[in-house]
Amino acid sequence: MPKNNMASPPIPYSRQFIDDEDIAAVTQVLKSDLLTQGPLVGQFEETVARYCGSQYAVSFSNGTTALHAACLALGLKEGDQGIAPPITFAATTNSLLYVKATPVFADVTQGLPLLNPQEFRKQINSKTKVVMPVHFAGSVCDMETIYEIAQKHSLGIIEDACHALGATYTDKSGKQHKVGNCAFGDMTIFSFHPVKSIATGEGGMVTTNSKSLYNHLVILRQHGVWKPDPATSSHPGWYYEMRELGYNYRLTEFQAALGISQMQKLDFFIKERKTKFLAYQEQLKGIKGIELLTPPSYCDSAFHLAVIHLESSIKRNGLYQFLKENGIGSQVHYIPVYDHPYYRDTLKIKAECPQTKRYFEACLSLPLYPGLSSNNLNRVVDTVKKWSQANA
């Protein structure tokens, strides 16, 4: 098998896209007086809310703290249960554990592993309080059906859209909804980790149309502290009071500056990702034993990942190693959450999810990001073809 040509630089599976405008925006803040708790955080929140079409947006230090705050804002507590798909990063259901609620797993759809509404329905019981659909790889769950089921059982909905900023969902009437407009849920969570749709280093956001949830989220992210409106309050300007146990989950000003700058390029990023995904779709066509998983017809994906499915875990692991030897990064998204030792051995959580098992055993994410050059994409495809021919 050929080894990596050292003259060819390594290709990561994903990375951020930062330009001079982004650097200038951050530098300007670093030269200012306010590195945190200034005006740019609010501007960033307004930018995201306006883009998504939601009434409100609240920024957080990362996607995980945003998930935690969303669970707190819904009032989840010990004895409650939340339903989520197993194919996600552990942070999704860890947020339930943080509030002492219990995760319950519902199987995913065939193809891209999105929460299966009918499997979600089967898991509902008297303890169920929330469902957490995960918009995987940039594609959107069937939110209208999930919403209808949740409404029937009076369940909260927290959408984990950390892969899907910029994606669009088309409902049964043909109306389009930007992910994050919360037409079919209480809150939507985004992450701004460097491999996500936009980057702020670390960072997260919750969008919602509920004023009460918005107000609660704002207090939760700043130590549980409430400050009166100086324009209407009789309290002196220094006054504040801690109303509940909160956290320091704030985003900084320089992260917000980067986020505002990145948001101006979001549609360009998605267009670039889509172009590269379609190139994979064309060039991988016909390779025996390899299927590129495509978005469902009801959504316009944000194309966060290019996931292929192979015939077995042995072949998946073989291709992963071969790509690595040739300087090409790939990744598995994700180990089913219930298979992690903490969930399996410590929490004793079990689940029967055959479609999850089938997907996980043979999935692999190929490099996909806005800065991926055509030459490097061709190099990825050529390497996959070489491996396929040697392992036919």
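## Helix pairs, salt bridges and burial

In this predicted model, the axes of H9 and H13 cross at roughly 30° and come within 11 Å.

Q: Why are H9 and H13 called roughly parallel to each other?
A: Their axes cross at roughly 30°. Angles under 35 degrees count as roughly parallel. H9 and H13 are therefore roughly parallel to each other. H9 passes H13 in a right-handed crossing.

Q: Which residues make the contact of H9 with H13?
A: From H9 come Lys-276, Ala-279, Tyr-280 and Gln-283. From H13 come Leu-377, Asn-378, Val-380, Val-381 and Lys-385. These residues divide into 5 nonpolar, 2 polar and 2 charged.

Q: Which residues of H3 and H4 meet?
A: Thr-64, Leu-67, His-68 and Cys-71 are the H3 side. Ala-91, Thr-92, Ser-95, Leu-96 and Tyr-98 are the H4 side. The contact divides into 5 nonpolar, 4 polar and no charged residues. H3 passes H4 in a right-handed crossing.

Q: How do you know that Lys-265 forms a salt bridge with Glu-21?
A: Their closest N and O atoms are 3.9 Å apart. The cut-off is within 4 Å. The pair therefore counts as a salt bridge. A search of the whole structure finds 13 salt bridges.

Q: What parts does the pair of Lys-265 and Glu-21 tie together?
A: Lys-265 lies in the loop between helix H8 (253–263) and helix H9 (266–283), and Glu-21 lies in helix H1 (residues 20–30). The pair therefore ties together parts that are 244 residues apart in sequence.

Q: What makes Glu-361 and Lys-357 a salt bridge?
A: Their side chains meet at 2.8 Å, N to O. That value is within 4 Å, so the pair qualifies. Both residues lie in helix H12 (residues 354–361), 4 residues apart, about one turn of the helix. Salt bridges that share partners also join Asp-19, Glu-21, Asp-22 and Lys-265 into one network.

Q: Why do Glu-361 and Lys-357 count as partly exposed?
A: Glu-361 is at 31% relative accessibility. Lys-357 is at 49%. Buried is under 20% and exposed is over 50%. Both values lie in between, so both residues are partly exposed.

Q: How do you know that Arg-344 forms a salt bridge with Asp-345?
A: The closest N and O atoms are 3.0 Å apart. The limit is 4 Å, so this pair counts. Arg-344 is partly exposed at 40%. Asp-345 is partly exposed at 40%.

Q: Why is Thr-383 called buried?
A: Its relative accessibility is 7%. The cut-off is under 20%, so Thr-383 counts as buried. Thr-383 lies in helix H13 (residues 374–390). Not counting residues up to four places away in sequence, Thr-383 touches Phe-322, Leu-323, Asn-326 and Ile-328.

Technical notes: Residues are numbered from 1 along each chain as its sequence is written. This is a predicted model: local features need pLDDT of at least 70, side-chain atom pairs count only at pLDDT 80 or more; totals for chains, interfaces and linings use all residues. Side-chain values use heavy atoms; hydrogens and water are left out. Helices (H or I, at least four residues) and strands (E, at least two) are DSSP runs, numbered from the N terminus. Buried means under 20% relative accessible area, exposed over 50%, partly exposed in between (1.4 Å probe, protein chains only). A crossing is left-handed if the near helix is turned anticlockwise from the far one by less than a right angle, and right-handed if clockwise. Contact means heavy atoms within 4.5 Å. Ala, Val, Leu, Ile, Met, Phe, Trp, Tyr, Cys and Pro count as nonpolar, Asp, Glu, Lys and Arg as charged, and the others, Gly among them, as polar. Axes are lines fitted to C-alpha atoms, for helices over the stretch in contact, and angles run from 0 to 180 degrees between N-to-C directions. Angles under 35 degrees count as roughly parallel, over 145 as roughly antiparallel, 65 to 115 as roughly perpendicular and the rest as oblique.
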